[in-house]
Amino acid sequence: MSAAAPSVPAGGGQKDRVAWLAVPAVGYLAIVYALPLVFLLARSVTGPEGFTLSLFVQFFADPYSWRVIWNTLRIALLTTLVCLIIGFPVAIAMARAKGLMQVALLVAIILPLSIGVVVKAFAWQIVLRRDGVVSQFLVGTGIWSEPQRLLFTESGLVLGAANVFLPFMILPIYSVVKLIDPRLSEAGATLGASPLYRFRRIFLPLTLPGLVSGIAFVFSMSVSMFVIPSLLIGDRFQMLATLTGRSFLLMRNEALGSTTAVVLLVMAVSIVVASSWLAKRLGGSQ
């Protein structure tokens, strides 16, 4: 009798072939992203005598560096808050809209993503100047007694950044709200629950995954934005991303640029990790 052939798991060869399809993408990311990142990390911990952390010690020992970090976190928090306040009700309205109205709202949110950030920033320069639309509106409503300039101010920076990043807050929330059955709120109403109680105990917990994703997207992009602050507030107000670009492009200080870039990278990665942990914790507690 001939020996039985070894059994091969069904579909095993197909899975191996599918895995090979990812090799070009992985190789591209390794060359274009991972390799420069390794060089950047190595430069930040390399000195004349080899491995050293003196660059980070000098950076964190300087009060100016802490002011830059605080500027970065404050603007990112304010931008995220503005996007959340505006984006949450808009996402609910989009999810509840029907037919052509929902299509129109989706187009209004998605279409601006095709416009470059530089174009949007230049447009906000026109809007935020002394004779711009915002200044005229505030004077017309009586909030301001005379036209004032919002360009090159922190308020103008937050408004411009929120306009650019708003779709990244709306779309994750919309995708989650769209899946929520409206009958859940109706069932709560039949049991005597007030609208506020239904929102707090039924609707809000179900939307938390979208909220966490939207906040993580907007905050991480706000922390690392470079073009928007460069055009809307200028060099006198430094954030980590603008300080990194200035270090490499103007001061030709690769040591400082590498150090600030690593600090910025750690902040961005921390945001992603914290949001993932929070999403899992919230999902497990429900």
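Modeller: Buried means under 20% relative accessible area, exposed over 50%, and partly exposed in between (1.4 Å probe, protein chains only). The model is predicted: local features need pLDDT of at least 70, side-chain atom pairs count only at pLDDT 80 or more, and totals for chains, interfaces and linings use all residues. Numbering runs from 1 along each chain as its sequence is written, and side-chain values use heavy atoms, leaving out hydrogens and water.

Colleague: Is arginine 43 buried, partly exposed or exposed?

Modeller: Arginine 43 forms a salt bridge with glutamate 254 at 3.8 Å, N to O (side-chain nitrogen of Lys or Arg within 4 Å of a carboxyl oxygen of Asp or Glu). Because its relative accessible area is 32%, arginine 43 is partly exposed.

Colleague: How many residues apart in sequence are the parts that arginine 43 and glutamate 254 tie together?

Modeller: The side chains of arginine 43 and glutamate 254 meet in a salt bridge. Arginine 43 belongs to helix α2 and glutamate 254 to helix α13 (residues 254-285), so the separation of the parts tied together, in residues, is 211.

Colleague: How many of the 10 residues of helix α12 are buried?

Modeller: Helix α12 spans residues 240-249 and is mostly covered. Its buried residues include Leu240, Leu243 and Ser247.

How values were computed. Helices (H or I, at least four residues) and strands (E, at least two) are DSSP runs, numbered from the N terminus.
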